[in-house]
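Here is my notebook, opened at the page for today. I went through the structure one feature at a time and wrote down what I found.

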Amino acid sequence: MQQFNKNEHPHRRYNPLINEWILVSPHRSKRPWQGQNESIAIETLPEYDATCYLCSGNLRSNGMKNDNYDSCYVFENDFAALLKDEVFQDELNAELFKSKPERGINKVVCFSPKHNLTLPEMELSDIQNIVQIWKEQYTELGNLNYINYVQIFENKGSVMGCSNPHPHGQIWAQSSLPTQIEKTQKNLKEYFSNHKRSLLKDYVEQELINEERIVIENKHFVALVPFWATWPYETIIISKRHFSNIISMTNDESIFFTKILKELTIKYDNLFETSFPYSSGIHQAPTDQIAHPEWHFHMHFYPPLLRSATVKKFMVGYEMLGEAQRDISPEQSASILRNLSSTHYKVLDHKM
């Protein structure tokens with residue numbers, strides 16, 4: 001019988017945040033690839049695009065005009081998935097046909113007036129402005145009596161379904177806890193109840209001892225490939241100090257959060273020398289006016305690229321019918337990302 005090798009032998013790993021397992025098959029990364037290569041357009045974007053509905057001073061599709069903004073800019077989404085209006089529905093007694101109205105607000109956050117500037121290319125002061133806007137929006141939206149969760153996120157690149165290359169993120173605030181948040185809260189709460197400590201505080205301290213999945217570490221934050229990562233180059237940023245939401249950051253922590261955001265996204269761009277697509281988002285305490293000592297601030301990055309700028313991972317077959325599965329091990333991914341430059345930005349063209 002062979003000795004188990006996590007970089008060679010198939011095995012399952014447990015994700016304590018959502019109480020799910022993932023199958024890891026590292027030996028499959030050696031197989032020849034004859035699958036689909038994504039077609040990624042190579043385009044040099046202008047600093048200003050007169051046809052872009054996100055650029056400073058331009059008209060949007062609803063006839064409203066953007067402010068002549070020179071920094072981070074926020075407005076309510078013209079095509080919102082959620083609506084503010086309160087509606088009523090007759091109670092459904094059928095167990096198998098449950099539904100309920102959902103109320104909320106969707107906002108767009110333009111990171112910069114420059115149409116061609118992504119996060120890794122921005123000055124730290126510009127990223128600090130974005131973090132400040134995130135804080136303000138979490139507070140403003142969270143104070144509304146019908147908002148119980150504020151989801152801050154970014155979809156970067158057309159591969160991730162982003163319909164406009166102008167650098168921007170979104171904020172969806174709603175009355176219910178989204179499914180992933182509800183799962184995470186349940187497990188964080190159970191761990192905190194049993195141990196009187198934050199699950200992610202204990203986890204990140206062990207990761208810092210092990211070192212093998214660490215990508216970047218600074219004074220206040222750690223970026224690493226999670227032990228349970230699903231996507232090939234998935235990462236998570238975790239605060240070293242246990243606090244529950246973005247407005248609990250000190251000024252010093254905000255500065256170092258900005259730094260790790262820039263360094264991590266530069267590493268992503270340097271990986272395949274392309275403007276690296278991903279979906280990212282902050283997970284933090286709900287805004288339901290209840291104390292949540294179990295929550296520990298963290299930010300997920302889910303990039304789809306697997307082997308190159310044109311080869312992505314698909315969630316199909318076994319993943320849709322069984323459970324999540326990955327080939328390259330998290331330790332291998334972390335080593336690759338860790339050894340990339342986080343100070344020299346190599347991308348010449350915007351390849352979205």
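Predicted model: local features only at pLDDT ≥ 70, side-chain atom pairs only at ≥ 80, totals over all residues.

**Entry 1: a strand pair.** I began with β8 and β9 (residues 221-224), which run antiparallel and are joined by three bridges. Two strands count as paired if DSSP finds at least two bridges between them. Within this pair, I saw that Glu217 has Val222 in β9 as its bridge partner. My helices (H or I, at least four residues) and strands (E, at least two) are DSSP runs, numbered from the N terminus.

Residues are numbered from 1 along each chain as its sequence is written, and side-chain values use heavy atoms, with hydrogens and water left out.

**Entry 2: the whole sheet.** I followed the strands across and got an open sheet of nine, in the order β4-β5-β7-β6-β11-β12-β10-β9-β8, with antiparallel pairing. Which strands stand at the edges? They are β4 (73-76) and β8 (214-217); each has a single partner strand, so one side of each is left without a neighbour in the sheet. From one strand to the next, the twist averages 20 degrees.

**Entry 3: a helix across the sheet.** Next I looked up helix α4 (residues 251-271), which lies across β6 (149-156), β8, β9, β10 (235-239), β11 (278-283) and β12 (298-302). Helix α4 runs at about 20 degrees to β9. Here axes are lines fitted to C-alpha atoms, for helices over the stretch in contact (heavy atoms within 4.5 Å), and angles run from 0 to 180 degrees between N-to-C directions.

**Entry 4: salt bridges.** I counted a side-chain nitrogen of Lys or Arg within 4 Å of a carboxyl oxygen of Asp or Glu, and the count came to 18 salt bridges. For burial I used relative accessible area: buried is under 20%, exposed over 50%, partly exposed in between (1.4 Å probe, protein chains only).

- Glu253 and Arg241 meet at 2.7 Å, N to O. The pair links distant parts of the chain, with Glu253 in helix α4 and Arg241 in the loop between β10 and α4, twelve residues apart. Is Glu253 buried or exposed? Glu253 counts as buried, at 2% relative accessibility, whereas Arg241 is partly exposed at 35%.
- Lys201 and Glu205 form a salt bridge at 3.3 Å, N to O. They are four residues apart in helix α3 (residues 199-210), so about one helical turn separates them. Lys201 is partly exposed at 25%, and Glu205 is partly exposed at 38%.
- Salt bridges that share partners join Lys6, Arg13, Glu207, Glu212, Arg213 and Glu331 into one network.

**Entry 5: Tyr191.** I found Tyr191 in helix α2 (residues 179-195), partly exposed at 22% relative accessible area. Not counting residues up to four places away in sequence, Tyr191 touches Lys196, Arg197, Ser198, Leu199 and Asp202. I also checked Leu17: Tyr191 and Leu17 are 174 residues apart in sequence and 9.8 Å apart in space, C-alpha to C-alpha.

**Entry 6: Val316.** Last, I placed Val316 in the loop between β14 (311-312) and α5 (318-321). At 45% relative accessibility, Val316 counts as partly exposed.
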